[in-house]
Structures are given as structure tokens and as C-alpha cells.
Amino acid sequence: MSISFLSTQLLSVENLSVSFKTSRGLVKANENISFEIKEGEIFGLIGETGCGKTTLGKALLRLLSNNARIEGRIVYRGKNILSLSEKEMRSLRGKKIGIMLQDPSICFNPVLSVGSQIAEIYRYHEGMRKKDAEKKASEMLELVGIDSSRKSEYPHQFSGGMLQRIMIAVALALKPRLLIADEPTKGLDPDMKLQILEIITKLVRKENSSMLLITHDLDVATKLTDRTAVMYAGEIVEIGKTATVISDPKHPYTFALLHSLPEKGLMTVLGQSPSLISPPSGCRYHPRCSNQLADCSKIHPELLEHVDDHFVRCLLSEKNSKNVRRKGSKNVRREAQLIPDTPSPGCAEVGVWHC
Amino acid sequence: MALLEVKNLKKHYYSGLFQIQVNKAVDGVSFRIEKGKTLGLVGKSGCGKSTLGRTVLRLLEPTEGSIIFDGQDISGLKDHSLKYLGTRMQIIFQNPKSCLNPKMKVYDIIAEPLRLHRLCAKDEELERVKELIEIVSLNEELLFRYPKELSGGQLQRVAIARVLSMKPELIVADEPTSMLDPLVQAQILSLLKGLQIKFKISFLFISHDIKVVEWMSDEIAFMEKGKIVNFKIVSR
Amino acid sequence: MIENIKMAEKLSINKKRLSLWLSLWEFKKNKLVLFSILFIAILCFLALFAPYISPNDPFVQRLDKQFLSPCREYPLGTDEFGRCIFSRVIYGTRISLGIGILVVAVTSIAGTSIGLFSGYKGGLIDEILMRGVDVMLAFPNIILALMIAGLLGPGGLSVVLSLSLTQWPVYARLVRGQVLSLKKRDFVEAARALRPSNFYIMRKHILPNCMEPVIVLGTLEIANVIIFASALSFLGLGIQPPTPEWGSMLKSGIPYLRTSPHLCFIPGLMIMLTVFAFNFAADGLRASLGQSVKQEVLDR
Amino acid sequence: MKCLRASEIKRSISENDRKVRRISMWKYIAKRLAMVLVVISGVTLVSFVAMYLAPGDPAELIALERYGQDLDASQIESVREAEGLDAPVYFQYFIWLDHLLHLDLGRSIITSDDVLEEILLKLPATIELTVAGLLISLLIALPIGVLGALQKNTLLDNCCAFISLIGISIPNFWLGILLIWLFSLTLHIFPSYGYGSLNHLALPALTLGISMSSITARLTRASLMEVMEKEYILAARARGFDEYTIVLRHALKNALLPVVTFAGMQLGYLLGGAVIVETIFSWPGIGKLLVDSIFARDFSMVQGCVLFIAVLFSLSSLAVDILYAVLDPRIRYDMYD
Amino acid sequence: IGGDKDETAKGDSFGENSQDLVVGISSDVNNWYLDKFADGDARFVWSQVYETLVRLDSNLNITPGLAESWETPDNGTTWLFHLRKNVTFHDGTPFNSDSVVFSYSNKSYVRQAVLKPIKSVEAIDNYTVKFVLQKPMPLPFYLTHVAWPIMGPGCLDKAGNFVKPVGTGPFKFESQTKDQEIVLTRNDAYWGNKSLLDKVIFKVIPDPSTQVMAFENGELDMIIKVPEYDVKRLEAKKGIQVQRKLSTFTDFLQFNCDKTPFNDTKIRQSVAYAIDTNTLVNGVLNGIGKPAGGRPYSPNMMYSDPDLKTYSQDLDKSKALLKEAGWEDSNGDGILEKDGSPLNCTLLVSKGAWAARHTLMAQVVQEDLRKIGMNVEIQVLDEGAISKLEGVGNFGMILRSGYFVWGPYPKHFFIHHSKSPYSHYHNETYDQLVDAADSTIDPQKQKEFYYALQAFVIKEVPAFYLVHEEKVVATGPSVKGFVITAEDPWLDLSGVYLERK
Ligand SMILES: Nc1ncnc2c1ncn2[C@@H]1O[C@H](COP(=O)(O)OP(=O)(O)OP(=O)(O)O)[C@@H](O)[C@H]1O
Ligand SMILES: Nc1ncnc2c1ncn2[C@@H]1O[C@H](COP(=O)(O)OP(=O)(O)OP(=O)(O)O)[C@@H](O)[C@H]1O
Ligand SMILES: [Mg+2]
Ligand SMILES: [Mg+2]
């Protein structure tokens, strides 16, 4: 897929940290996350179970449970989402940013028909009359390949794949600028997986919207995304153009992840994913890393630019690489230049990022 | 001679008020597994893979057909005469979270077969368990934890250790890695492979991921709607 | 168990975990639950040492000292026969707790066994037993107990019998439900692959996993049984006067409600507090065992 | 293109699905009905056995009733023969069942009134009481429960939870007496006994309603809280709806479903509670009839009352189950499997 | 609120100055016909609707009722009653000797159970009836009982089934709601003084304390059996009138003289010495009633011996008697034993509201007997259940009041007769005395017999008599002109009227 439309940035996340207060301690689900999504871009987020992907996705819309604490900034078109009022937030959710939550079978209200759950969105947000809203809902269903005659059926009457598609219809009902899709293909058989992804990308590309695709399926990430971030234990360890990250992973974890597949030789990495309550000191991956240095257990590496637009959080690559740039510092600089609410397609900064 | 030979095995589920609705979950399946070899079993969800696995182990009563294990037809044996099979054929499940008794500590889980079948003296038990936990490369520290305090990969290792304690000849592995992350999957798969070589265990390896099966097996059976439609020898 | 701990020590593992006691220990976070457990402990203490604690003989009548208000000699005053209400209330603890614990012990053991057996066996036996349970539960809570107590005639034994006969199905149903879902779990299948006896599986793998709700239900049932028993006594079908039972004390106080309401208030308050303590304890247990209140309500 | 084809295949599958659902709905109802019939026949058996085990020779009792005080053995024997009381037990049971099917519950041993007639005479009072109790309990419970769930873990919620736990712990006989003491003896607002006007209904219905409301409130709270934790509420929030819409449209209906089921069970509580409340307030209903008959050792009346109440209860739970099946689209038909 | 209250009690149709009296009773009228004994509080209602041939005045003297006069030509075997003329039943049919014959026909309960010695009842002419008996008997006393009054033949339909109550009394039956209320209206054709009331409404409230509450709340105008413990308080209340009068009833402990331990006279005597009837009355009964100390007859009863030597509490004597009888506390638990079995017994008490005080008295008795080492278990049962246990002799003691009491006439001793199924007491001397007393009508001789019987009862104690009951009626502020009568079954409402504010 081409990256030709990429231009202005739509959303940028700056030093985002999320922690959950639990009885066992503070779960630091996200720490110091920084990345940005540009208009029309499909951004992938990969990582193993429990590394904080869903948390990040929900944090973008402030949908986390009460025990969560969010720090940092999430800037959507110049507005910091974290400082918006509830009311402003509501006008953002669904309308500007849509989200597909992880498990479609529990994300629909079981006692309302799917049609009415879609129509409801139009009635609530656009004040449509019942009839119009329902017509609109039927259209949406058809768009995702579900026969509109089934709109009066209830969620439990649909299979997982169909629900996933209905979820797409819901999330895209108001044509949001950004779609957050949390593991849209989990638990589906390969056929269905393809269908779903096809529909999503088609619709997203058609509207020239952006998408944050959360997945742990490397295949999917490879095929669909423009840029990818790899997460490990609450941190982003590598971020860059998908093609580069996949073909030339700089972080040992990314490398292991890519080579753990049977067809790639089933490389094994020892050890468990670390606890988020008390993560390992230094580099979080160091206990499992095969080529660790002496400093790895002491120094916590920063996310540094390795080559163009390819950031890695690893001491090894820090050493090997010459033109190292810190990601955080850049953000600070750009923040001052942002003009609120005005999308600026020709912003010079972007050029720096994506030439 | 093959360790396990299955001939025309059928397993039908009957349901409904008068038990007349039939679900032919396994409908005439034949295959054989040599000692120390792996037969992979792939197929879509609901095609009867798990049912086949369990029937082979005689955890389910076969409707028809014969299961010849080490030269003896076990398809018609009564429950009590199956007892000797307890140590010889075993099963590993898909979901590591549900296959261990949440009320037992890891130590007891692993030691249970030893005690039940009196496989070792009481005072050797601890040694044996430690040995086993080392084989699956887990820390001894985990022995006195409850399953809910372990991660999925660790749990699956515990399950494997438990099964190994009996030194089985045949293990039915029912999608042992489908719930796990790629990294952990790789760990478990290579562990299984290593064990197979070390202990000469035969596997019936069930999965719906053809790539995984290809990596694991010597031969692959493709299943569709209760029947095996194709065999494929894996060349390496 | 001890063996294990020893081994754990050998392995230099400090973390010893005793699941239930540990979760009981978590109560200390919740002061009210702690308080209710303290209250139950006090009640048990009162029941055990009633003769030493009570200032007066609960049976001795002083017809010249009727309806006294609380005073030094009679901390809670006297009743219509000049008996010491405080002493009677303390002795009443024995009866209420005794009946509660006895009935719950009997019914929980019987009900659990039946539920376990029925759920594990399945088939026709299960069907028959469960229809029996349905039939028992088709009688609204106290009605069948009333009928049985009526047939047996008043008295302590008939209270215990009638409540035991009517309360076991609750456990049976609860346990059976648990067993049915446990039976499908992989670890039971895994245990079956070891080919032990059915009894072994039931004892070792199924029973321990359905104990938690049974313990919660049991605590709750103590509360229920205490209410039912005192209701039977209140209606005149349970413990008979002059035995100091709270329900019957309450009943015999009604005629004096206008002039000496404490005759009614005190035993009623005792019932309420006791029942409250058990309900609260059950709540705490449930919370620390991670069950939902909804389940409890539906279990009742 | 590809996805459309696949969806067509899926569609035909789900057509089938729908049919299955419709059939299984009826199947479910039929199954429940059959079950209730089984339960009811079990109930009759229990009642019969209880009566059979009751002390006293039924033949003698009937003879006493027929011939008066001075009986001789031959009179008793003739009654025994005429009434079939010399037949084997199971035979007697079938005779009795036959009578039951003809709505003949026999006659009172003491007053020789027709048992069913007597019960039907008392039924309106009991219904009046229980319906009023149910209404009061819902009126108290729903707001408290909803408030508690929405203000989760605030002081207000804790207070509500505490009060409703106390409410569960109050024995209703004590509550009744407290209410009499307060409203009747001290404040002189409501009469303490009797039947007829709304004023008379007030205290008994309050007693029943208050003691019932705590459980309902707890259930409502727990249920709504559980629903509010559900992913679909989060999903609704993600669609940008406000809390008001979310609670009213998305949460409440789900939360109230178990409350509805419970309403069926509540009838059991209400009927059980009615026994005590009716006794305290001299309310001329079935509960009081039952207690009076127990004391009069009028076992045929006791049997009649208990049987009637149990059957009423079974039928009402059937009705509730069916209602539930209609209300909840995802009803689990295998609920009793 | 006050106005509201009145309305709730009396319904909306009641005007300011209505003459509708609301009376609380504790049990409903379950039958209105002579075929069964109208037990419980039915007698209060019956006495408004039905009348007897002979009546008692408020001091228990025999006075004419529907019979103007009577005579016995042969010392008690034949009795002639001359009936009152110009009396009509409520349905308009005239009262005459046929209706008397109708009422005492063979089918009626009274003929079968109580008036067995009656050979025949004949109408001599329209207003004269002749009763022929098997043995001499003071028949007029028997006929005072309101449970066997004169009923009009209109009670029955042609097939002989009961339709409605038809009597001659001052009130007519209007309606009945089962277990709730009975409404009577004034009989304007009454032969005597017509009532000043329009209606009498009997409200059925089984529980005595509920009755008192209702009365105090103004829901009732009159309660007939005020519980002893409420009397003082009601007396002190403004506007409320409480009238008390010694009745003919005596509460007693009836022993089962057939079974251990009470088959031993010494045990019965020791019980008599153990119980303090004075404290019983002054303690739990609030001073209502007279301590009997074993005296079987209430002082206002005929032939009651004023000089009878009664018991007073003497625990030493009581214990000595027990010791003599061989009961001793051998294991130190406070309960006596003999031959290894402890001194246990049951005490049956009626649950009925008829005598709420009995449950209280029973507990005092129980406690008194505990002091001498006797373990008493109280069983509160319905009257019917008690009768059954009594019949088969499955009891130790029964606490009850007034059996076979007809006004002042001392028929009561019959219950210890060996033919009767009550005390299970067998003593030939006693039987002979009772029979003899029952078949004389010579007052002097009767007196001798009854005096002897009283002394006998004191000595042998087939039952221990506790308290002579006092009848207590409370009337509300608006009730005027009510005068209490001694005879219990009668509720005399003549002269009563209401003045509502
Ligand atoms: N509400 C919460 N309270 C406490 N901890 C939480 C909460 N939500 C998530 N966590 C914890 O935060 C960590 C990250 O969870 P998250 O759901 O974001 O992982 P994930 O990467 O989406 O995993 P998966 O691939 O399984 O969906 C986990 O360790 C989880 O236990
Ligand atoms: N206990 C049972 N009773 C009735 N039918 C059953 C039972 N267990 C399984 N089946 C049915 O048998 C068929 C085969 O099920 P099975 O679990 O063997 O499939 P599977 O290939 O293992 O699927 P998956 O990949 O989802 O595990 C299915 O249609 C299933 O519904
Ligand atoms: Mg996730
Ligand atoms: Mg399977």
C-alpha cells in the first residue's frame, strides 16, 4: 500500500503514562508513550498480551476505568484530549474518533437490536428522525456486507465475524477522522480475518480517515499498516515505517517476535513477559535478551532515532548508530508550533518526519 | 508396529428429548501413529478434532470402530480395566487457565499422578517434582503457588510437567498453543519437540494453525466434518 | 499440608498461602466486616458461657418485680414475670445460635452431598433428585417448615427437623450447578485422564472448587435459619416458653407493648443484630471470595 | 466481492438460526410447562404424605364430624370403608389426586367447611396484601438500588447498602410490631388490625414491603452495577452518549431483567412473609388461615393451604419465566439442562 | 386524625350520632344452629339473637325468660313450663310450645350431650310444655345456658337444612363476614324493652392485646374480656369505663389422675401446697380475680362453702409430701427422681383467646413447681387438640377454666366423675356423692352433698383450683348505660346507648 496521502498529523501522543491502582500495587500499563498518527495513515501497534495496547487505545478516548491515572498529553488537532470537559469529550467520541473494542460479542447491548444500536447513534448525534436514522443504519449494515433485513435481530443471533463487521459499521457510522481498532481479527478463522480487514481498510481509505490498528498478528500489521509501533511491557520499544521495522528490526524484541513464527524458524526466547507492577530495572527486555550488554540492567534506554523515522529503545542500537535523535525533545519543539484546530496539510515539520 | 492404530472410529453425539438427534462429530476415521512420531491434525473449528482426541484417549466412549494401543484394542474396555492406560496416554489442553485445578498448588498438581499411581516412594516425591519442573524449565519458586498466580505459558509448562511425571507414551495435544502469544508459543513448541526426542513420546498434535502443525509433525491429517480427507507427509 | 509447608521451608520459600484464611484475613480491610465477626465471636462467647455471664437465673420469677426498667440488678429490666431480661437474652443466644449452626451443619452436609452426587452422576438420578429439589423449593420459604412443625408439634426438635427438611435443597441446587460447570472444565477432564475413581475426582477436584459458595451460603443460611426459627417460635410453633428464645420472648412481650415496649424491642433487636452480623459476614466472605451479590440473591 | 459471497453464505445459515430460535422458544415454554407439571405433582405428593403422616386417624375424624361425640368402632370402620381409607396408601393417593383434579380439596376436619371454598374466600385479602407489599417494595427498592449503583462506593451508596442489609436482617414479625408501636400506638395514624380500607392495609403492606424491598434493592444495585461494568456500556460511552442515555437506555433494561425474574421468586417470599404479617395484623388471608389451622390441628385445611400456595407459587414462577423469555432476547433455553 | 380514625373503624355510612355499637370478640360464630355447641365467643352474639326459657339476673338469681313460670309436680322428674305470650320470632312467626319442642328435638346437640336424662318434650297446649326426665333434676338451671336457646322453626328450610338464625332476642341477624364481623340490627318487635341501639357490630379480633389496642384507638366501643394486665391502665384512662364482676368461673389445674406422677394423691397435694395462688392473682393477674387456694366453687356460686379450708403455699410441706411419696433428687440436677425416672409432666394450655391469662398462669405454675423439683413442660395447643389428648389420657395437667358451669348451678364436679373422660379420676365415694347430688332437688340436701364434695376435692385434689375469675368489660367514652352481669355467657345490652361527640 502506498503512503502517498500522508501529510498532516491528526493525533499526537506525548509522554503518555497510564497506571492502574490495584490491590497488588500500581500497574504501570503505559509509560512514556509518544507517537503520532497522520491524516489518512494506518498506524499499527503490536505487542504481546498484557503489554498495554488496549489500555493505550482506551486512553485515547478517556474510556479507562476509574482506577486509572493518565499523565502526558494526547493532542487531537491541537486540542489536548486530556483537558477537555466531559461534554467536549462526548462530541469527540464516535464523531471524531471511533473505536472498535476488543471483543465484539460483549460490546453490544444484548437486549437492543443491532439496527437500533446503530440508528441510535444518528438519532443522538445528528438528531435524525427515527425513520431516517433507521434507513441510515441499514445503509451502514449493507456497507459492511450484512443484509439490512437483519437489522432487527439481536447481537446473540450473529456470529463473531458478523458482529465484528457490525462493530465496524457502528464505529464508522459518523465517519470519524480516526478509527481505533483493537484486535479486530482476534479469534476469527483466516477467511473471516481477511474479509474484516478488507472492509475496514476499504472504508477507512475511502474517507481518507486514519486508523490505529492494535493487533498481535504480525501478518496483519505487515500487510496493512503504514507505520508500526512495537510495544513491550508498557513501553514503545520500536517505531517506524512498517516495511523497515519488519524487514530490518532494530530491537531484539521485535526481532524475536518476528522470528518466533514457525515458518520463520521458531526462534525461542526464554523467560516471561515482565510484571507491570515492578518492571525489570534498566531495559525492560534485558532479562530475556540474547545479546545484552553489561549496562542493560542499569540504564533505561531511551527511544532514539536510529535511521530516518525509525526509533528504537535499545542501548545496542544507540551505540551502533551515529545520528541519534531523541524523540521526546522533538515533540517539545513541535508543540509550540501547533496552531489549534487548524489542520495544516503543508506543515514543514511533517516533511522532516516523512521524506 | 504402530503405537496407536485407529480404525474406522466413530463418535456420535445424541441429543434431544428422545436422544434421536445425531451429531456425527467423528465419523469413520482411521490413522496410525508410530512410536516417537507425531501426527498433526488440522481442520476448521467444530470439525471434530477435540472429540477425536478425547475418544482416542477413551475419555469419551466411541460409538464404533477400534482403537488399538500397543497391540491391544481398548475401544471396548470398561472403565476399571482402563486404569493401566492412565500413565501411558495423556492429554494437554488448549486453555492452560482451565486445565489446572485452581484449588491445588503447582506442587500438588504435578505430584498428583505420582501419588495416584504410586509411581514413586513418598520421600522421593519432592525430588521427582523438582526434576520435572526443571525439565519444563520453570523455577522451583513457583511450586507453592496457585495456578491463578501464574502466566499462561507457565501454566502450560506445569500441565506438561504433570503429564511427563507419568512418562507417557502417547500425548494428545489439543491446540496447546492457540491461546498463547507467539513468543510463548515458540517456547512451548520447542519444549514439546525436545521432550519428544528425549523421551520418545508419540504425539497426536491438534491445531488449526497449519504452520504450527507443519513444524511439529511428521505427518499431517486434514479433517473436515468428522472425516479425515487427506494425509500429507512432512518432508524436512 | 504440613508436609508441603515443610518442603516449602526446605526450598526456602517464604510465601505460604492458605487461601481461605488468607481471604478471611483480608477482612481486616473492612472494619464493619471485622466488627460483625467480632460480634459473632461475642455471641458465641455469650452462648458458651451463659451461666457465668448472666447476672440472674433466666427462669426465676419475681412476681413482685415485674416490668422493671433497667437497673443495677437487672441490666435490661424485667419481664412480665419479673425475670431478668438480660439473662434471658443471653441464654437465648444459645438457642438461636445452636439451632442456626446445627441446622446449617446438617443441611449443608446433606445438601452438598446430594448436589455433588446428583450433578456428577447426571442422567436419571440427577433428574429425579433435581425434581425433588424443585418440589421442595416450590413451597415458599417458611410455609413447608410451618407445616412440618405443625405436624410434629411445638418444640426445639421439631424446629430443627422442619428447618433441616426444608433448607437442604438450597445447597443441593447450588452445588449441583457448580458441579455441572466444573464437570465441563478441562482440569476435571485432565484428572479423568489419570483414571482415578469417581469418588476421588469428586472429593479432590470438584468438591474443593465448590466450597466457597457453599461457605458463603452457609453463613447466609445461619442468618436465615435464625430468622425462621424465631419466626416459628413467634408463631408459637417453635421453642415454648419459659425457655428464653428470642422469638417467643418477643411474642410474649406484645401485650405489654404500650407500657413496656422493651419486652419486645430487646429480643427483636438481638435477632436483628445477630442476623445482621451473619449477613454482613457473608457479604464480606463473598466479597473476598469474589462472588456477586446477585448470585446470592438468586441462590436464596 | 469476496466478502459479499461469504456474507450470503452466512445469511442462509442464520435464516436457519432464526427458525431454531423460534422453535426453541416454544420448546422452552413447553419444557417449563412440563417441568411445572412435574413439580406440581411432586408438591401434591409431599402434601399427601404430610397429611398421611399427620397424627390422628382420619376415619375417626370424619366419623366424629359426621356422627358427633359418641362414636363406636363400627361407625369409624364404616367411614373407613366408605371413604376408601382402608385401601393401600398409593391407592388412596390416586383417589385423593382424582378429587384434586375435580378441585375437591376435601373438608375441614374442625369446621367441616369446604377447604377450597374457604381458601378462595381468603384469597382476595392475601392478594391485596401481597400486591400492595410488592408495589411498596419496588417503590422503595428501585430508586435506592439505582441510586446506589450509580453513586457506587460513595457515602450515599454505603448508607443505602448498610440500610438494606439491615432491612434484610430485620425479622418481619419484629418490624410489624415496631410499626404498630410507632404508627398505631404512639402516633395513632393507622389502625393496628383489621381488614377493609386502605388505612387498614397500610401497616401490613408496609411491613411486607419494607422487608421485601431490601433484597430487591440489593439485587437492583448489584445488577445495575454489574451491567455498568459491562463492555457494552463502555462501547456506548465510546459512541459519545451521555450518562443519562446510557443508564436509561442501555443499562436499566438489562439490569432489571434479573429483578423481574426475582419478582417471581419474591412472590414466594411475599407468601411466606404474608403468613407472619397476616398473623400479626389479624389480616384475614390464607396465611392466617394456615396458621390458625395448624393450631387447630385442622390438617386437611393445612394441607389445602400449603398445596394451594405452592401451586400458586409454581404457576407464577412459570409465568415469570415465560415473561422473561419474551423480554430477554438472549434467553438461555438450556437454563434447566 | 381523630375523625379519620372513627371513619376507619366504622365505615363511611356512620353518622355523627349513630347508635351502632362496635364490640370486639375473639372468635367468630362458626355455627348458628343447635346441632353443635356454640363455643368461644359465639355465646355473646347468640345472646343478642336468641333467648332461653329461663334466665339469670345480674346477681345470678333465676328469672323468667321466654317461660313466664315453671313447676315440677313430682319433685324434679317432670317439669311444666308456661310460656310467654305475644312473642314473635324475627321472621314474624309466633313463639309457642311447638318452637320449644323444635328446639329440644332429638337431633340437637344439647339433647345428645347434656340433657340426656330427658325422656321427652311435649307440647301440652300452645303455651305449656312438659319435659319428662329419667331422674329428678333441677332442669331450669340447665335451660339458662345460652348455647341451647329457643330457635324459630324458620331457621330451617323444608329439607331441614339451616338457612339463617331466627330467634326472639332484642337483635336480628343482619350479616356476617367470616372471621371479620357480624352485624345485628335492632328487633323492633321485641317483647321486652327494646334496645336503644340501632345496630351491634361484633368485630372478630382473636388476639386480646390487638383488641385492646383497637379499643384504645377508638376502633371498638366495647371489649368484653379485657386482659388482666391491661385493666389498671385502662381504668386510669379518661373516658374509659372498666367494670368488673366476679364470675362463676374458676381456673383450675386438672390432673391426669391415671398416670404417674399424679395418680398419687400425695403428689397432687404437694402441688397444691407448692402453688401460691395469692401471688398468682396479685402478681401476674394484676389483682383481678380471687385467689382460690383449691376452692372449687366461686364464692358467688350456689352452695359454695364460705368456710372451706383452702390451701396456702407451704413449700416445706410440699417437699415433705414428695419425699413421702418416694421422690428424691438423687443426681443433684434440681429435678426429683423416683426409680430412676425424673419428675416430669406436661401442662396443656389452650391457645385460644378465651383465657389469655392461662399462658401466664401456666408459667407461674411451672416456676412454682420447679421450686419443689418438678419439671413441667408447657404445651400451648388449640382447644380441640387438648380435648383429644385429654380423651386418650396423654397429658399431665391441663390448665383451664369453668367446665360444666351453668350459671350458679354446681354441675361442675361432674368432670372428676369416673364416667367422664376428663380427670381420669376413679373414686367410688366421689362418684356416688356426685350422682346423689345431681339427682336431688331438695336445696338442703343438695347443699349437704355439695359441701361434702368440696371438702372431698380439697382433700383428694383431683384438680387444684387456682383463681376465681373476674369478668372485666371495658366500654369506650361514648357508651352509656352498660351494666355488667355476673353470668359469663350473657352480654346484656339493654339500656345501652351511645353518645358520640
Ligand atoms: N482496569 C484495570 N485495572 C487494573 N489493571 C488493568 C486494568 N486494565 C488493564 N490492566 C492491566 O494493564 C495491563 C495492560 O492491559 P491491556 O488490556 O492494555 O493489555 P493488551 O496489550 O491489550 O493485552 P491483550 O493483547 O491481551 O488485549 C495488563 O497487565 C492488565 O492486567
Ligand atoms: N459433549 C458434546 N455433546 C454434543 N455435541 C458435542 C459435544 N462436544 C462437541 N460436540 C460437537 O461435536 C462437534 C465437534 O466438536 P469438537 O470440539 O471436536 O471440534 P473441534 O474441531 O475441536 O473445534 P475447535 O477447533 O473449536 O476446538 C461440534 O459440532 C460440537 O458442537
Ligand atoms: Mg487488548
Ligand atoms: Mg477443540
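Residues are numbered from 1 along each chain as its sequence is written, and chains are lettered from A and ligands numbered from 1 in the order in which they are written. In this predicted model, local features need pLDDT of at least 70 and side-chain atom pairs count only at pLDDT 80 or more, while totals for chains, interfaces and linings use all residues; side-chain values use heavy atoms, with hydrogens and water left out.

Visitor: Why is B:Cys120 called buried?

Guide: Buried means under 20% relative accessible area, exposed over 50%, and partly exposed in between, with a 1.4 Å probe and protein chains only. B:Cys120 has 17% relative accessibility, so B:Cys120 counts as buried.

Visitor: What makes B:Ser50 a polar contact of ligand 2?

Guide: A polar contact is a pair of N or O atoms within 3.5 Å; within protein, one must be able to donate a hydrogen and the other to accept it, and residues adjacent in sequence count only if both atoms are side-chain atoms. A polar side-chain atom of B:Ser50 is 2.5 Å from an oxygen atom of ligand 2, so the pair qualifies.

Visitor: What are the distances for B:Asn23 and B:Glu175?

Guide: From a side-chain N or O atom to an oxygen atom of ligand 2, the distance is 3.4 Å for B:Asn23 and 3.1 Å for B:Glu175.
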